[in-house]
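Dear colleague,

Please read them with the model open beside you.

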Amino acid sequence: MTSTAAETAVAIRVPTAGETSRKRPYIPVFGTLAVVTALELAITTPGYFPALEHTFRIVLLVVLSTIKASLVVAYYMHLRYEPRWLALIPLAGLALVAVLVAALIATVAHP
Amino acid sequence: MAHPGPVGDEGEEHHGSPWPVIIAVGMGIGYVGIVSASIPILLAGVAVFAGGAGGWVHDDLQRPSSAFYGLAAAVESKFPRVSGRKLALWLFLVTEIMFFSAIIGASWTLRLRTTTPGATFQGPWATPGEILNVPLTGLNTFILICSSLTMVEALAAIERGDQRKVRYFLLATLLLGITFLSIQAYEYQKLYFGEGLTFTHAPLGTGVNPLYGATFFAQTGVHGSHVTAGVLALAYTTRKAFKGGFTKENHEAVELVGLYWHFVDVVWIFLFTIVYLI
């Protein structure tokens with residue numbers, strides 16, 4: 001029992017040799033986050049990108065922030081390196097958010 | 001309280017701790033204080049909560065590098081390759097997703113409905129940069145992104161067993177978190193006292209909807225309170241790291257604090273766009 005527990009613990013706590021030697025792209029992700037943030041600021045700054053239509057600008061900003069958030073979750077929160085089933089937990093949260101958004105849209109559309 | 005629960009190596013007992021129960025009781029008392037609008041009861045709850053948290057931290061700091069965490073996590077986990085604590089934290093983060101979704105959703109509902117004819121509170125929402133200092137908050141966003149990098153580097157360092165780097169990366173994360181809060185406090189001070197943006201009024205002469213300030217402070221305020229909680233957790237984790245409390249084999253607290261900190265960063269990524277840029 002004790003040795004089994006210890007072995008299980010080691011399997012959980014200590015990354016395998018392959019994992020520790022794998023270079024995780026923390027710096028490139030950071031660079032992407034910084035560049036996308038600068039792009040977001042540029043898109044919003046008056047005079048920059050004047051040809052962007054208002055609705056398209058909003059959609060673009062939402063897409064950019066979603067890309068940034070996905071990078072943080074995948075690489076910094078290690079979801080990419082976890083067992084796939086763990087992703088079901090945040091996805092369940094997003095499903096609940098979708099229900100909330102649908103309800104709010106209905107509220108706004110039919111007050 | 002001690003009981004022969006999940007066993008560590010060399011037969012170490014799993015010691016039950018009263019502190020989580022005391023913290024929960026404190027929160028319950030505080031909640032009663034809020035519901036009954038009683039400051040003394042609220043303060044009593046805060047005091048019990050603080051006492052429980054302090055006791056927990058004190059106990060934990062006496063137990064550096066204990067096998068308790070890793071082994072207990074392994075034995076308790078019924079799920080492949082994920083400890084019970086990490087799973088619990090992810091579930092907690094789902095509740096946080098719902099919490100922030102509710103705050104943001106309520107703000108957007110107000111925003112959309114108050115711009116329709118016949119609404120009780122008339123007036124448009126402020127355009128980006130009209131009231132808020134977007135460049136300053138852009139800098140703050142960059143600071144939070146930097147703190148996410150230092151946090152994940154701290155975890156990578158202790159995974160390699162690098163005691164020196166885990167300390168300095170955790171300390172850097174802590175300082176960046178404090179910087180973020182300081183800039184937010186400066187922003188609040190300028191907006192509230194300088195510009196006149198309050199919970200019920202927009203700055204004079206702008207014609208902006210009076211609810212704008214309420215939604216701004218609600219969204220950024222609850223996020224700021226989460227950053228504050230993260231800074232406190234980081235302060236504890238950093239202190240424990242400087243005491244040599246984490247090892248290559250045993251550092252789950254660093255990973256869990258990191259998960260929370262990155263989540264706070266993710267929330268800010270959306271809030272920055274929603275509140276400041278749109």
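**Chain B and its domains**

The centres of domain 1 and domain 2 of chain B, taken over C-alpha atoms, are separated by 26 Å. Domain 1 covers residues 1-62 of chain B, and domain 2 covers 83-277. Please keep in mind throughout that this is a predicted model.

Chain B contains 8 helices and 0 strands, so that its elements, read from the N terminus on, follow the order α-α-α-α-α-α-α-α. Of its 278 residues, 34% count as buried. When contacts in chain B between residues at least 6 apart in sequence are taken, 69% of them join residues at least 24 apart.

**The nonpolar cores**

The largest nonpolar core has 53 residues, and B:Ala154 and B:Val166 are those with the most contacts inside it. Elements of two chains give two or more residues to this core: from chain A these are helix 3 (26-44) and helix 4 (54-76), and from chain B they are helix 4 (84-114), helix 5 (134-159), helix 6 (163-195), helix 7 (211-242) and helix 8 (252-277). Helix 8 of chain B gives the most, with 16 residues.

If residues up to four places away in sequence are not counted, B:Val166 touches B:Ala154, B:Ala157, B:Ile158, B:Ala241, B:Phe246 and B:Val254. There is also a second, separate core of 9 residues, which includes B:Leu197, B:Leu211, B:Tyr212 and B:Phe216.

**Two residues to look at**

B:Met151 lies in helix 5 of chain B, and it counts as buried because it has 30 C-beta neighbours inside 10 Å. Leaving aside neighbours within four places in sequence, B:Met151 is in contact with B:Thr173, B:Gly258, B:Trp261 and B:His262. The C-alpha atoms of B:Met151 and B:Ala172, which are 21 residues apart along the chain, are separated by 8.3 Å.

B:His226, which is found in helix 7 of chain B, is partly exposed, because 19 other C-beta atoms lie within 10 Å. The C-alpha atoms of B:His226 and B:Phe263 are separated by 9.9 Å, and these two residues are 37 residues apart along the chain.

**Two helix pairs**

Within chain A, helix 3 and helix 4 pack at an angle of about 165°, with their axes 10 Å apart, and these two helices of chain A are therefore roughly antiparallel to each other. Helix 3 of chain A passes helix 4 of chain A in a left-handed crossing. Among the residues that meet here are A:Tyr26, A:Val29, A:Leu33 and A:Val36 in helix 3 of chain A, and A:Leu60, A:Leu64, A:Ile67 and A:Tyr75 in helix 4 of chain A.

The second pair joins the two chains: the axes of helix 5 (residues 88-109) of chain A and helix 4 of chain B come within 9 Å and cross at roughly 15°, which makes helix 5 of chain A roughly parallel to helix 4 of chain B. Helix 5 of chain A passes helix 4 of chain B in a right-handed crossing. The residues that meet in this pair include A:Pro90, A:Gly93, A:Leu96, A:Leu100 and A:Thr107 in helix 5 of chain A, and B:Trp90, B:Val94, B:Met98, B:Gly105 and B:Trp108 in helix 4 of chain B.

With kind regards

Definitions and conventions:
Residues numbered from 1 in each chain as written. Chains lettered and ligands numbered in written order. Predicted model: local features only at pLDDT ≥ 70, side-chain atom pairs only at ≥ 80, totals over all residues. Core = buried A, V, L, I, M, F, W, Y, C linked by C-beta atoms within 7 Å. Buried ≥ 20, exposed ≤ 12 C-beta atoms within 10 Å, placed from the backbone. Helix = DSSP H or I, 4+ residues; strand = E, 2+ residues; numbered from the N terminus. Contact = placed C-beta atoms within 7 Å. Domains from an automatic or database assignment. Axes fitted to C-alpha atoms, helices over the stretch in contact; angles between N-to-C directions. Parallel < 35°, antiparallel > 145°, perpendicular 65-115°, else oblique. Left-handed = near helix turned anticlockwise from the far one by under 90°.
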